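My entries follow in the order in which I made them.

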Amino acid sequence: MTNYKHKVHYYETDKMGIVHHSNYIRWMEEARVDFLDKIGWSYAQLESVGLVSPVLSLDVEYKHSTYFGDVVSIEVGILELKMSKMKVGYRMMNEDGVIVCEAVSSHGFLLSTGRPAILKRDFPGLYEGLLVHLDSHEEGV
């Protein structure tokens, strides 16, 4: 797992001073983009080689409120890697180590032509970079 930190901005809070739930999904994207940068496959690079990765599903469990000024640490890891799909896991914690949110996002991999990319065949460097970070260290089917 890699770690990303996000400092909560005032505009991310609601009238009660609590972070609005939709922002956690944005933080997941920030952390996922940071993760890809760290493994050498930025979104700009993916797009330049004709690969897109749409979100297929999200499963989010909110556990504790966060507030303006909080620093949220987001652990990111690959939970599942298949030929044309992956699942990414997120664990978000406040500065006290309290888990505030846990989530999983599923993503497809498509070529610019719209057909599914077979990562191992079409983008072996990306495939190997993701495989190294697979939490179970086992390849998906």
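The entries below begin with the basis of the values and then take up each topic in turn.

**Basis.** I worked from a predicted model, in which local features need pLDDT of at least 70, side-chain atom pairs count only at pLDDT 80 or more, and totals for chains, interfaces and linings use all residues. Residues are numbered from 1 along each chain as its sequence is written, and side-chain values use heavy atoms, with hydrogens and water left out.

**Entry 1: T13.** I located T13 in the loop between β1 (2-7) and α1 (22-38); helices (H or I, at least four residues) and strands (E, at least two) are DSSP runs, numbered from the N terminus. Is T13 buried or exposed? I found T13 buried, because its relative accessible area is 15%; buried means under 20%, exposed over 50% and partly exposed in between, with a 1.4 Å probe and protein chains only. A polar atom of the T13 side chain lies 2.7 Å from the backbone oxygen of Y10. Leaving aside residues up to four places away in sequence, T13 touches V8, I18, V19, H20, Y67 and F68, where contact means heavy atoms within 4.5 Å.

**Entry 2: aromatic pairs.** I searched the whole structure and noted three aromatic pairs. Rings of Phe, Tyr and Trp (its six-membered ring) pair if their centres lie within 6.5 Å; planes under 30 degrees apart count as stacked, over 60 as edge-to-face and the rest as tilted. The ring centres of Y10 and F68 are 5.6 Å apart and the planes stand at 85°, so this pair is edge-to-face. Y10 belongs to the loop between β1 and α1 and F68 to the loop between β3 (55-62) and β4, so the pair ties together parts that are 58 residues apart in sequence. Both Y10 and F68 are exposed.

I then turned to Y24 and Y62, whose ring centres are 5.3 Å apart with planes at 70°, so this pair is edge-to-face as well. Y24 is in helix α1 and Y62 in strand β3, so the pair ties together parts that are 38 residues apart in sequence. Y24 is buried, with a relative accessible area of 3%, whereas Y62 is partly exposed, at 38%. Y24, W27 and Y62 form one aromatic cluster.

**Entry 3: helix α1.** I checked the length of α1: at 1.5 Å a residue its 17 residues should span 24 Å, and the end C-alpha atoms are 25 Å apart, which agrees. The expected span is 1.5 Å times one less than the number of residues. Which residues of α1 are buried? I listed N23, Y24, W27, M28, A31, R32, D34, F35 and L36. Just after α1, G40 takes a positive phi of about 90°.

**Entry 4: strands.** I noted that β1 and β4 (residues 71-81) run antiparallel and are joined by six bridges; two strands pair if DSSP finds at least two bridges between them. The bridge partner of K7 in β4 is V71. Strands β4 and β5 (residues 85-93) also run antiparallel, with eight bridges, and E80 stands opposite K87 in β5. A hairpin joins β4 to β5 through three residues.

**Entry 5: S84.** I placed S84 in the loop between β4 and β5. S84 is buried, with a relative accessible area of 15%. The backbone oxygen of A117 is 2.6 Å from a polar atom of the S84 side chain. Beyond residues up to four places away in sequence, S84 touches H107, G108, F109, P116, A117 and I118.

Definitions and conventions. Polar contact = N/O pair within 3.5 Å; in protein donor to acceptor, adjacent residues only side chain to side chain.
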